[in-house]
Each structure stands twice: as structure tokens, then as C-alpha cells.
Amino acid sequence: MNQWEVFVMDMGELAEGKDIETQHPHPQPRHAQVHLQARASAQVSSTWTSFPTSSRCASGRGQLSPAKFSIKVIEEIQRLPPQYLIIGEMQGRRWRRGASADFSGS
Amino acid sequence: LQPSNKQEFIVSKISAPRSNREFIEACVKAGDAVRIKQEVDWENEAGAIVRRACELGAAAPFMEKIKDYPGFSYFGAPLSTYRRMAISLGMDPASSLPEIGKEYLARTNSEPIAPVVIDRKDAPCKENILMGADVDLCKLPVPLVHDGDGGRYVGTWHAVVTKHPVRGDVNWGMYRQMMFDSRTMSGAVFPFSDLGKQLSEYYLPRGISCPFATAIGLSPLAAMAACAPSPIPEPELVGMLSGEPARLVKCETNDLEVPADAEIIIEGEICPDYKVEEGPFGEYTGYRTSPRDFRVTFRVNCITYRNNATMTISNMGVPQDEGQLLRSFSLGLELEKLLRSQGIPVTGVYMHPRSTHHMMIVGVKPAYTGIAQQIAQLAFGSKLGPWFHMVMVVDDQTDIYNWDEVYHAFCTRCHPENGIHIYRNTTGTPLYPFATPHERKYSIGSKVLFDCLWPVDWDKTNDVPTLVSFKNVYPKDIQERVLSNWTAYGYPAVK
């Protein structure tokens with residue numbers, strides 16, 4: 001079973017069985033991608049076997065909750081406004097802003 | 001520290017390191033940096049080495065081999081000791097703090113030296129250029145500085161370069177930056193900071209993205225300028241500190257100019273309409289205070305870097321690291337300049353780094369009633385004010401660099417009712433560990449003045465108590481006799 005640490009602003013966000021929006025780490029990171037984050041809709045459960053990934057939750061200042069959760073990412077959400085994802089031209093030089101998939105880096 | 005005389009300052013005498021690389025070499029030569037040949041992990045290990053070096057006051061670690069990142073290196077704790085600060089200014093590493101302060105005041109009171117913009121092809125920071133789909137922060141050895149941080153921190157000892165589009169004011173500031181994803185960083189930008197004001201005054205109301213460039217691996221004097229709360233534009237301040245024009249170069253994707261000799265440049269735009277989570281992070285107060293929150297988003301468009309680039313790391317925590325040492329140093333001296341400019345007869349201003357730049361100690365000739373309050377109001381009301389909340393004013397007979405004397409003055413001369421003045425609802429930082437969650441959210445502060453001066457209306461003979469010390473109560477001839485016989489009495493010599 002994979003293990004993640006997920007930051008939440010408030011432990012009250014972890015509502016059982018409801019869809020929540022949170023940040024989740026790279027699902028299968030190479031070492032250099034361990035701490036990358038993305039926004040996603042997810043479901044959590046206080047029964048740590050309910051979903052395939054177990055999770056420790058850290059709140060505001062990094063305090064780890066003693067409780068263990070399980071989490072299922074439903075889908076990644078891109079909240080970055082689209083203008084930051086388009087091809088642009090600046091100072092006569094063509095360049096491309098970041099592609100939509102934030103985990104697409106090599 | 002006396003006011004500097006511009007004529008006394010001879011630029012040609014300065015031989016300060018011009019780049020991060022020259023500085024590392026100078027530190028190694030002086031025994032103030034160690035080369036670490038074995039591989040270190042960017043995830044916690046490098047940070048732990050830097051932290052321990054800070055807590056021991058040890059040599060700066062130059063880590064030449066980083067796991068996953070061949071060709072890159074780290075330089076940690078660059079300015080966490082006064083010895084390395086002296087080296088950065090081209091001074092003898094053994095220089096005393098008052099000597100370093102005097103030099104800083106002399107240089108920063110000299111004429112501004114404008115920077116020069118060099119051709120891209122001559123700029124070391126352009127040796128490698130990543131644009132478009134190649135942009136990926138994971139290609140840089142971004143460290144996880146402390147276990148429990150909210151992410152890997154790209155910017156811990158760096159300068160975020162921005163420019164006001166109308167006034168043209170250039171700002172270099174150290175705003176921490178966390179890698180959120182491979183092309184996005186988030187950071188803490190306080191509303192009272194220069195960048196915070198630029199954003200709230202111009203970019204945010206118009207919904208326009210703000211071009212930025214983050215320069216990492218700066219020359220130590222460029223880092224000093226980015227850290228100093230000076231009213232002088234940082235590129236000119238670097239020139240004044242180093243005695244020659246700073247070398248700048250144009251960015252690839254915006255009109256900003258960045259230090260040409262920096263190790264790494266990250267170009268991009270600050271999004272006016274999008275925030276992502278940042279933090280928590282180990283902070284200069286020695287705590288992880290500011291909780292994870294939605295903060296300023298830096299979207300990355302281009303990365304340039306030198307061959308064999310060295311990333312600088314500041315690991316903030318309990319004293320003492322450069323966040324405390326350099327900030328205390330520059331805040332104290334900038335306040336001294338401010339007070340002198342207002343005609344206050346100060347004898348010196350000092351912030352002990354262990355106060356985590358929270359307490360100003362001001363020495364003054366107690367020339368008139370209310371002078372301590374005037375000092376506090378000027379200090380708290382200035383641009384420097386949000387960064388500290390305590391001002392202690394002592395007389396000119398107290399050595400402000402000697403904590404024993406300052407502590408004695410505080411405990412014996414500060415009247416609990418008349419000498420402590422509290423200022424409420426002032427500007428504060430969200431990083432104050434003692435602040436309530438509400439105060440942190442809105443940067444609300446409180447300030448306190450400890451007035452340790454004898455009241456001016458006390459009769460100096462009858463009302464002011466006599467200080468009972470070796471130097472103060474014995475006749476000169478007795479003092480000299482005791483001093484000359486000290487070792488004959490059987491005591492070891494005192495340096």
C-alpha cells in the first residue's frame with residue numbers, strides 16, 4: 001500500500017465519504033518528484049483500508065495527526081488560469097508556458 | 001559607531017569577493033568553509049548539515065556532490081557568522097563587529113554606484129537555458145530544508161527581482177519560495193514589504209501578472225543588499241558595498257535585469273488571480289509559526305544557470321543563521337542612520353542576532369526628556385518597524401555590545417510603570433511566535449519600549465544612584481595599581 005502525507009489547513013476538512021479538494025503528492029514519483037504537489041478531488045476515510053492509499057495528515061504547521069486515513073484521488077484539478085498555460089511570445093522570442101500537466105516534467 | 005565621513009571612504013581599497021564562487025574560495029582559504037566530498041541527499045540531509053553548522057557556529061558547508069543531481073553543489077550558511085560577513089566585505093575575518101559595522105556605514109554612506117548591463121553572451125548565468133517545455137524546477141537540486149516543511153524550498157538565500165512598471169523602482173528582496181509543482185512556486189510576501197506594496201498598488205488591482213526573476217547563488221554582497229532594509233535601490237547598494245558597479249544582464253523572457261554572475265536565475269510571472277498553498281517552513285524566529293496558507297504564486301517561464309551551479313541554502317531555525325545575523329546587523333545600522341538623520345545623539349544601535357532581530361538596543365546621550373520615546377516612535381514608525389517589536393534605550397555609558405551591561409541596565413533602570421511603553425495595533429509580521437492567530441492573519445503587531453535612561457529631571461548628584469563598579473568607584477591610581485599587580489596577586493592575565 002502506498003503511503004502519503006497530505007497537508008490540510010484544518011483537520012475538519014477530512015469529511016468521511018465526501019468529495020474534498022486537497023493537494024496530493026505525485027502518485028508514483030521518482031525520487032526527485034517526491035515533494036511535488038497537485039490539486040485533486042479525493043475521498044478520504046478514517047478506515048485506513050477503505051482506499052488503496054494510506055495517508056498521514058499534517059495540519060497547518062506540519063503537525064502530523066496521529067490518526068491514519070486512507071485516500072482515493074478521483075481526479076487531478078488544474079486551477080491555474082488558462083492564460084498561464086498558453087503559448088506566448090515575448091520580446092520577439094517564442095516560448096511556451098508550462099504545459100497543463102504539472103507532473104509532466106522530465 | 002561614529003557617523004561616516006564620505007571622504008574617508010576609499011573605493012580602491014575594497015577587495016570583496018565578486019561572486020558566490022570567489023566567496024566560497026575565500027571562505028575555504030580562511031578556514032570558514034569546508035568542502036564536503038561525499039554525496040549528500042537533497043532531502044533533509046543537506047538541510048540538517050547546514051542547521052548543525054549554524055547551531056555550532058561552524059564553517060559553512062560546501063557540498064560538492066548531491067544525490068540525483070550530478071554537476072550541482074550546495075553552499076550552506078553563507079553569512080551566519082561575523083567572520084564570513086567580514087570576508088564578504090573583503091575585510092580581515094577577525095574584524096570585530098563594531099569594525100564591520102563602521103565599514104558598512106562608511107560604504108553605504110558613499111555615493112551610489114550605478115550597475116552596468118553586460119551582453120548576454122558574457123553572462124555566466126546564461127551558460128544553460130531552459131525554456132518552454134524544458135522548464136522544470138525538478139532539474140534543480142531544490143532541497144527539502146527541514147523535515148516537516150510544506151515542500152522543497154527553491155529560495156532561501158536569494159533575491160526576487162521585480163520592477164514597478166511606472167516608477168521603474170527595482171526591488172531585490174528575499175521572499176521565500178516553495179516549489180509547488182515543476183513549474184510553480186509559492187511564497188510569503190508580506191503586505192508591508194516592497195514587493196507586497198508593488199503588488200497591491202499596481203498589479204493586483206489591474207489583474208496584471210508581475211514579471212519576476214529569482215537569482216540564486218548571488219555574490220555575498222548582493223545577498224546582503226537584498227536582505228538590507230535600505231532605501232537605496234539594491235543594484236546601486238551592491239556597487240556601494242563592493243566599490244564597483246554590479247554586473248547585470250537582461251532576462252530571457254522579461255525586461256528585468258539580474259546579477260550576471262548568479263548561479264541560477266528563474267524567470268516568470270507572479271499571478272495576480274491565483275494562489276496556491278505555501279508552508280509551513282522553519283523560520284528565523286526558531287519556530288514553524290506561520291501555518292500553511294494560500295500565498296503568492298510564482299509561475300516559472302524560464303530557468304538559466306551556470307555550469308556546475310552552486311545553490312545557496314539558508315537553514316532558518318534557532319540562532320544563529322544568516323537570517324538572524326545579517327538582518328540584525330543591517331536593521332541596526334539602518335536604524336542608526338535614520339536616527340542620526342533626525343539629529344538624535346545616538347552612540348550606537350545594536351541588535352543581538354539571538355534576539356532573532358526582535359530587539360533594538362539603542363545607546364544615546366540622554367539630552368532631553370522623552371528622547372527614548374522619540375527613538376521608539378521613529379523606529380517603529382519607519383520602514384524597518386514591522387521586523388522588530390522591542391526597543392531598549394540605554395545611556396551612552398552602557399556598552400550596547402555587552403549584554404551583561406545592557407541586561408544590568410534593563411533590570412535596574414527600567415521603571416516597571418514609567419519605563420515600559422506599549423504601542424498597540426501596529427504593523428507586525430505573521431511570523432511572531434507569540435502572536436494570536438487573528439494577529440498573524442492580519443499582520444497586527446504590538447510594540448514595547450524599555451526606557452533604561454535615568455530621568456533627565458533627576459538631580460545627577462542626589463537622585464541618580466552611583467554605579468558601583470571597578471571602573472566607576474575606585475580612584476584612578478588604585479585601579480592602575482590593581483591592574484598592574486593582577487597577575488602578581490595570582491590571577492591569570494586578562495585579555
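**Sheet in chain B.** I looked up an open sheet of five strands in this predicted model; its order is 17-18-19-21-20 (chain B), with mixed pairing. Strands (E, at least two residues) and helices (H or I, at least four) are DSSP runs, numbered from the N terminus. Two strands pair if DSSP finds at least two bridges between them. I noted strand 17 (346-350) and strand 20 (420-427) of chain B as the edge strands, each pairing on one side only. Neighbouring strands are turned by 20° against each other on average, direction ignored. Axes here are lines fitted to C-alpha atoms, for helices over the stretch in contact, and angles run from 0 to 180 degrees between N-to-C directions.

**Strands 20 and 21.** I found six bridges between strand 20 and strand 21 (residues 444-451) of chain B, which run antiparallel. B:Thr427 stands opposite B:Ile444 of strand 21.

**Helices 6 and 7.** I checked helix 6 (residues 220-227) and helix 7 (residues 234-242) of chain B: they pack at an angle of about 130°, with axes 9 Å apart. They are therefore oblique to each other (angles under 35 degrees count as roughly parallel, over 145 as roughly antiparallel, 65 to 115 as roughly perpendicular, the rest as oblique). Their contact (heavy atoms within 4.5 Å) includes B:Leu221 and B:Met224 of helix 6 and B:Glu234 and B:Leu237 of helix 7.

**Notes on the model.** Residues are numbered from 1 along each chain as its sequence is written, chains are lettered from A and ligands numbered from 1 in the order in which they are written. Local features need pLDDT of at least 70, side-chain atom pairs count only at pLDDT 80 or more, totals for chains, interfaces and linings use all residues, and side-chain values use heavy atoms, with hydrogens and water left out.
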